[in-house]
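Visitor: I'm new to this one. Can you walk me through it?
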Amino acid sequence: MKSANSQQRSPFLTAYAVLVFGFIYLPIVVLIAYSFNRDGVGGFPPRHFTLGWYRQLFNDAAIWDSVINSLLVAAAGVALSLTLGLLAALALDRANFPGKALFRRLVLLPLILPGIITGLSLLMFAVFAGMQLSLLTVFLGHGTALISVATTELFAGLQKLDRAQEEASLDLGATPWQTFWRVTLPNLKLSLIAAGLLIFTLSMDEIAVTFFLIGRDNTLPLEIWGRLRRGITPEINAISTLIFAVSVALIVIWYRLRARTIGTQAQELLERP
Amino acid sequence: MYSRLYKTVIAVPPLLWVCLFLLLPYALMFAHSFWLVRDGFLVHRWNLQNYRALFTNPLYFQVFLRTARIAASVTLCSLLLGYPLAYYLSFHAGPRKELLYQLVIVPLWVSYLVRGYAWKTILGSDGVLNGFLQYLHITHEPVSFFLYSPFAVVLMLTHIYTPFVFLPIYAALEHIPRPLVEASQDLGADRRATFLRVILPLSIPGLLAGATFAFVLSLGDFLAPLLVGGPSATMIANIVQSLFGAAYDWPLGAAISVCILLITASLLFTTERLEKRWSFK
Amino acid sequence: MSAGAISPRFATPPNAALLEVRGVAKSFAAVQVLKNISLQIASGEFLTLLGESGSGKTTLLRLIAGFEQPTSGEIWMSNERLDTLPPYRRRVNTVFQNYALFPHLNVRENVAYGLRVKSTPKEEIAGRVEEALRMVKMAQFADVRPATLSGGQQQRIALARALINRPQLLLLDEPLSALDANLRKQMQSELKALQREIGIAFLFVTHDQDEAMALSDRIALLRNGALEQIASPREIYARPATAYTAEFIGQTNLLHGEINNGVARCGSLQWRTAEAPGAAVFSLRPEAIRIANASLQLPDAVCFRGIIRQQIYSGASELLEIDCGGNQTLRARIPASGPLSGEHEFVFSAADAVPVFESPSAHGERATHHEPR
């Protein structure tokens, strides 16, 4: 039951909320608008609609090379983070070992520390280990930093897991390994997908850590960064608009997946005798 | 229920990885802060010279102060924007609450760089804002202080971190059982008193979490000054970055990083204690 | 015990109408939850709103508290319009179902809350808090946090927190439903005693009819958003107005039949009656039926024969299921008297067969032939 009396809804608060929303979305709207502007990135109002910048973008090989690099790193990063994150979440949920508290904090550090610190530390490590800076070092950086995201999400998923299901599986004769594949993992499906999408997005966007670990091959954010040093063109608006569109699409997919999975679970609940 | 083998298998790989790729690197950074650079080469001689330089040379302190001021401004502005928004969504939005929540989250998924770049194009002398003001004849010349100033950095970072601050506050507000709000009104407290006496105190853990996040990340940000800040807005992380780049002095850079890390760690520790004190189950 | 510290000053004289609900209706979106309710609460009265979930009793309570607005109709208290006031300006306080104690304040601060928001001087607050805690027997818990208290203890604090404000009317939203059975019985009698002592009007919401009968001066039975009957417990039990009321409160046999020429005929039963001719339904309480024997003299006795099909023992009494032939089954409650079987003769007084009517809230829903419980 709602408690707010409709006559008590404050018009000032509503107006303020609208303003905050406007503030949050203004730059994005401007960005998208000017990606279609023939006369460049500044001035007002934008006239002369054109798709020229998008055409230029599609012919820009360097950008698309960097996109591929980013995708490679992101995919590998997701794989690494999810695997280690899953193990870490399981360990935190089920095992007791010396240094567990320290481990938990350590895993979460990259999430809360400014990226420059993690990036520089890994750079020092790479030099120390005699590694050449390349996409490999970038991959190591992303994967390591993003373990924390996977751990947090999967730990939450494990908490919701009904322990009795695993016990029932063991009772029916399945080995722990079989139980893990047949019972634990399927129950974590939603958490895995959510974590995966988040890690993917964060990796595609990562700059601070990548800044110090990048070799000759650029990731997308760093390619854009390099362009910015040379001068602003609406082509950057265009790629930014595309990034925005993809991000929104990802959220919608994630949302639908979530709703459908919850829907299936609810369905199963109803069909249970 | 879980055998020792099971527990070992799940615990060892992440532990090993984290030790190798997190603990060791951070330790390396720590070690570097006690070393030196001489004639362009790294000398592994243990000393406190870097730290002494940090505390005696006023330049570093000034930059650090500016950084703290910017971070504090960002945190304050993010709170002033994020809290009322969270409050509105939680208590006044009604059936549209879920949709509006998604709308707030969307910008979080959009690249930091993209958003920073957007502000760059808006605030510049040839930018959208100046164009807009001139179009309306509010100004006749481009205003230059919008871009390449601490103001621009605060603006951009506030834009980045407002949704981050919004999230934990919204979660905390949603957790407040509505009967408590009704009980407060029932006992004679109007909306303002109910907010101050019941809602605000119970939302403090979320508020602290969001504020800490915004402050700490702003403190260590080096990209915003490079994008929109200009030389007058150099922050402490920019100094670190240049020490690892053109100004080649890794030990000094490491020393500053260690200081940032220590400040961050103690802030996190303090807020964690405060959050515990202010959470009521 | 100084109940004077709690009873409202300048209160309306006892038994005068304190609260008036006038033609109140409430809809949420397309659903009409309350349909044209009118009732009065007398000052010092213990009135219970009784009904199933969905009957609208909680909604009515929330309308009086101020958390909802009526879609139409008005609410008046002490000759002033109430429903236009926000909750924090009404001289009404609520005890919530899950107590809604503030977790960030200790017991003392919780109880003092209503006084503090009105800027009552500190010395006065201290004294009144002590008083209120003593009244609910929780004085030694003043400095603890509510989370550490049991359900029953929290409920007392919620009570003290509400009463310290000297409301003219106290609303209680199923306050005992979260307690276990024994504690519930104990709290019921304490609550009743407290109300008598303080003299404040209580509006109590529950779905438990035993609770309603035990505590109330009057019961207002709600069904599908309409008032089915409002009367004292004894009256509502002895003279239920509708079939629904007869079945909701206590157990009953519903006898369907016809009245012709001053005689009521229901299956194999018949008796003289002054009711109007036509189809009729009568409510006959199981305890009104006895096993006939020579020494039993009942006024206007109605006799019938039946075979005992089932005997359900429950300690002090037992319930007999009697097959009267022709698809008619009656239930009788008699003092426990050892195993019985076979055909017997039974008797009840015609006065105990109370005519009941189709309820106004039924809206065309016919009073179906219910199997008596």
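Guide: What follows is a short tour of a predicted model, taken one topic at a time.

Visitor: Start with chain A. How many helices and strands are there in it?
Guide: Chain A has 12 helices and 0 strands. Read along the sequence, its pattern is α-α-α-α-α-α-α-α-α-α-α-α.

Visitor: What about contacts within chain A, how many join residues at least 24 apart?
Guide: Counting contacts between residues at least 6 apart in sequence, 78% join residues at least 24 apart.

Visitor: Switching to chain C. Which domains does it have?
Guide: The domain assignment gives domain 1 (3-238) and domain 2 (250-362) of chain C. The centres of these two domains, taken over C-alpha atoms, are separated by 40 Å.

Visitor: How many residues of chain C are in contact with chain B?
Guide: 19 residues of chain C are in contact with 17 residues of chain B.

Visitor: Which elements of chain C supply that side?
Guide: β6 (92-95) and α2 (107-116) of chain C each supply at least two of its residues.

Visitor: And by class, what is on that side of chain C?
Guide: The side of chain C that touches chain B has 11 nonpolar, 6 polar and 2 charged residues.

Key: Residues are numbered from 1 along each chain as its sequence is written. Chains are lettered from A and ligands numbered from 1 in the order in which they are written. This is a predicted model: local features need pLDDT of at least 70, side-chain atom pairs count only at pLDDT 80 or more; totals for chains, interfaces and linings use all residues. Two residues are in contact if their C-beta atoms, placed from the backbone, lie within 7 Å. Helices (H or I, at least four residues) and strands (E, at least two) are DSSP runs, numbered from the N terminus. Ala, Val, Leu, Ile, Met, Phe, Trp, Tyr, Cys and Pro count as nonpolar, Asp, Glu, Lys and Arg as charged, and the others, Gly among them, as polar. Domain bounds come from an automatic or database domain assignment.
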